[in-house]
There are 2 protein chains.
Amino acid sequence: MAELLINSQNFKYNLNLITQHLDCQDNLALVLKDNAYGHGLREIAGLARESGIESVFVKNEAEALQIKNHFKHITAFYGEISPQSPSNIYQCIQSLQTLQEISPLRPFELEVNCGMNRNGIPIHSLSNAFEIIAKRGLKLIGVFTHNGFGDEGGEGFLLQEGNAKKIKDEVISLCTHHNLPFPRFHSLNTSGVLRGNGVREIVRVGIGAYGYACDSLNLPSLKPIASLWADKICSHSLKKGEKIGYGGIYEMPYDGIVSSYDLGYGDGLFRIDEKTQGKLLCSSGEQILPRMSMDCFSALSDKEKICVFSDAREWAKFFDTIPYEILTKLSPFIKRKVI
Amino acid sequence: MAELLINSQNFKYNLNLITQHLDCQDNLALVLKDNAYGHGLREIAGLARESGIESVFVKNEAEALQIKNHFKHITAFYGEISPQSPSNIYQCIQSLQTLQEISPLRPFELEVNCGMNRNGIPIHSLSNAFEIIAKRGLKLIGVFTHNGFGDEGGEGFLLQEGNAKKIKDEVISLCTHHNLPFPRFHSLNTSGVLRGNGVREIVRVGIGAYGYACDSLNLPSLKPIASLWADKICSHSLKKGEKIGYGGIYEMPYDGIVSSYDLGYGDGLFRIDEKTQGKLLCSSGEQILPRMSMDCFSALSDKEKICVFSDAREWAKFFDTIPYEILTKLSPFIKRKVI
């Protein structure tokens, strides 16, 4: 059966490398959203807990509930949290309207737009937001922003980091004014963590923990933690010229063996067909032949197992996208196994 | 919260249309593999059961177990079936080796390669296969093939249909020889169903039930049953030239409102970025702005809900792929709702 192997040593290596660089082990938080970027939420949560992580970020309440007993702080970026969910699950608030509606019993984090113009309240609404928080007696756990240039750096990155600093300063001032405890504060993974002034700052580590570049951290030696393996379904001895798969697109280039393997585009792989430019090779060297099926692909091999990839960048490059997309699209129904 | 609405009327309409065309209501079988081609396994199984379907095909044992009480015959195309699974779950066998290994207690269907050269035993191994089946007292429920030209027709289609006919004839002969009961027989959705000669023939209906063309059936009036809806997360009033999203790639073309919506490439949508050619519009008319995020996209709108698509062919055409890929990649965690 196909499986995604998760290398626990590489995971720990990555966390250690990032932690050393940041010099803030206590405040490292891990992003586990979208099934831990496709790696398997429960599996990565288990490893994160072993590594002493206390704060994590998930996509929504459904993900949070799966790991509710693992962490002290679980923040769901999107959607509402039901009243019956445990109090270590925090809702995220992105508008003043939701701030007016949320139950005073539900802890939450407030997202502020630092210039990405995607989610969060505007900076100029912070004063109104804190009026509501104070008046309604709301449980503000954290304030955060998201820098839209985290993978790019440059001027845009610095501009939004500057805004994040402004937001933090204003939050401190508003808390003081309303006599509220300081919330924790976090923006995109930053290259330096400033403490002091009484605000506990945490660093959200995302793709870096999974082994892919945090460009802003300049850590090229991170190690991908996942490798995807397919199992052989069956083999055929064919003559040169015999046709394979849908539409009979691929023709045997010689007398030999072709086998089918148990992963396809229905498992989240990008579909390879006759229009795909170039040849995509598995990590173990075999070409994935066009056309890929929904549940399997063919290769000129009779190996029992094939390593489809051990570094998502190869697929990302081939399909002109980013490793995040290759990884998050992997079906949650592929078996995950921690090694 | 984003949701995939399943139109039950359209589903019934499609099944009726196909049934009328085939004139074989009793033997219609439905393919529910890969989360019912992304539509939601449990939801579609419920509708199929209401429609009187008795035989279904799923990807593997995990899918079969989710719907074990719904159908008389559940065939898992891939993988093994555990001894403790109920006896209405059938394994598929694609090699003589598996035929030697399978428990005599587990009912199964035998796949025979009719020329697609993907899965199944070769035609010339049928005689050996029946020797093993007879000798080991195995529970053969069905024999099937898969025509690799089902969506294309033409000469290749007819050639593989001819092979399917040969396989059926040989199976009848071998059953007679070994004094075995006739198994059921099925190949790709066929335009005519031949009965007679004591073999019960069933027709596997796949994508057609979900509203997309079965080219070999020439049924252009099928109706897509799924529409994908995203909910607004929050809105921003921006000035002309202000930048949106990762890398600040998109710039506001006028003073106006942009909103974020709760679906992204981590939910299985294809990722749109600045390299994507052309503009992809939602069914409700809004452009999905580059770059799409993992969990959301932005659009120049302040609607509370946006219909991302109501016909997967629009997305398939835009990304130069097939509706199957657009649909099966939809995350199983998106809420499905039958209407």
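The domain assignment of chain A gives two parts to look for: domain 1 (7-217) and domain 2 (226-338). Keep in mind as you explore that this is a predicted model.

**Where the two domains of chain A meet**

- The C-alpha centres of domain 1 and domain 2 of chain A lie 37 Å apart, and the contact takes 13 residues from domain 1 and 12 residues from domain 2.
- About 1200 Å² is buried between domain 1 and domain 2 of chain A, with carbon and sulfur atoms giving 61% of that area.
- Three residues stand out on the domain 1 side: A:His39, A:Glu43 and A:Tyr212 supply 42% of the area that domain 1 buries against domain 2, more than any other three residues.
- Across this interface of chain A, the rule finds 0 salt bridges, but it does find 2 residue pairs in polar contact.
- Helix 2 (33-37) and helix 3 of chain A are the elements that give two or more residues to the side of domain 1 that touches domain 2. Helix 2 of chain A gives the most, with 3 residues.

**A closer look at helix 3 of chain A**

- Helix 3 covers residues 41-50, and its buried residues include A:Leu41, A:Ile44, A:Ala45, A:Leu47 and A:Ala48.
- After helix 3 of chain A comes A:Gly52, which has a positive phi, near 85°.

**Charged pairs to find**

- Side chains of opposite charge can pair when their charged atoms come close. A search of the whole structure finds 36 salt bridges over all chains.
- One of them links B:Lys275 and A:Asp320, with the closest N and O atoms 3.0 Å apart. B:Lys275 lies in a loop of chain B and A:Asp320 in a loop of chain A, so the pair joins two chains. B:Lys275 is partly exposed at 42% relative accessibility, and A:Asp320 is partly exposed at 45%.
- Within chain A, A:Glu325 forms a salt bridge with A:Lys329, the closest N and O atoms being 2.8 Å apart. Both A:Glu325 and A:Lys329 are buried.
- In chain B, B:Lys59 and B:Asp34 meet in a salt bridge at 2.8 Å, N to O. B:Lys59 lies in a loop and B:Asp34 in helix 2, so this pair ties together parts that are 25 residues apart in sequence.
- Salt bridges that share partners also join A:Lys33, A:Asp34, A:Lys59, B:Asp267 and B:Asp295 into one network.

Definitions and conventions:
Residues numbered from 1 in each chain as written. Chains lettered and ligands numbered in written order. Predicted model: local features only at pLDDT ≥ 70, side-chain atom pairs only at ≥ 80, totals over all residues. Heavy atoms only, no water. Buried < 20%, exposed > 50% of the residue type's maximum accessible area, 1.4 Å probe, protein only. Helix = DSSP H or I, 4+ residues; strand = E, 2+ residues; numbered from the N terminus. Domains from an automatic or database assignment. Contact = heavy atoms within 4.5 Å. Buried area = accessible area lost by both parts, 1.4 Å probe. Salt bridge = Lys/Arg side-chain N within 4 Å of Asp/Glu carboxyl O. Polar contact = N/O pair within 3.5 Å; in protein donor to acceptor, adjacent residues only side chain to side chain.
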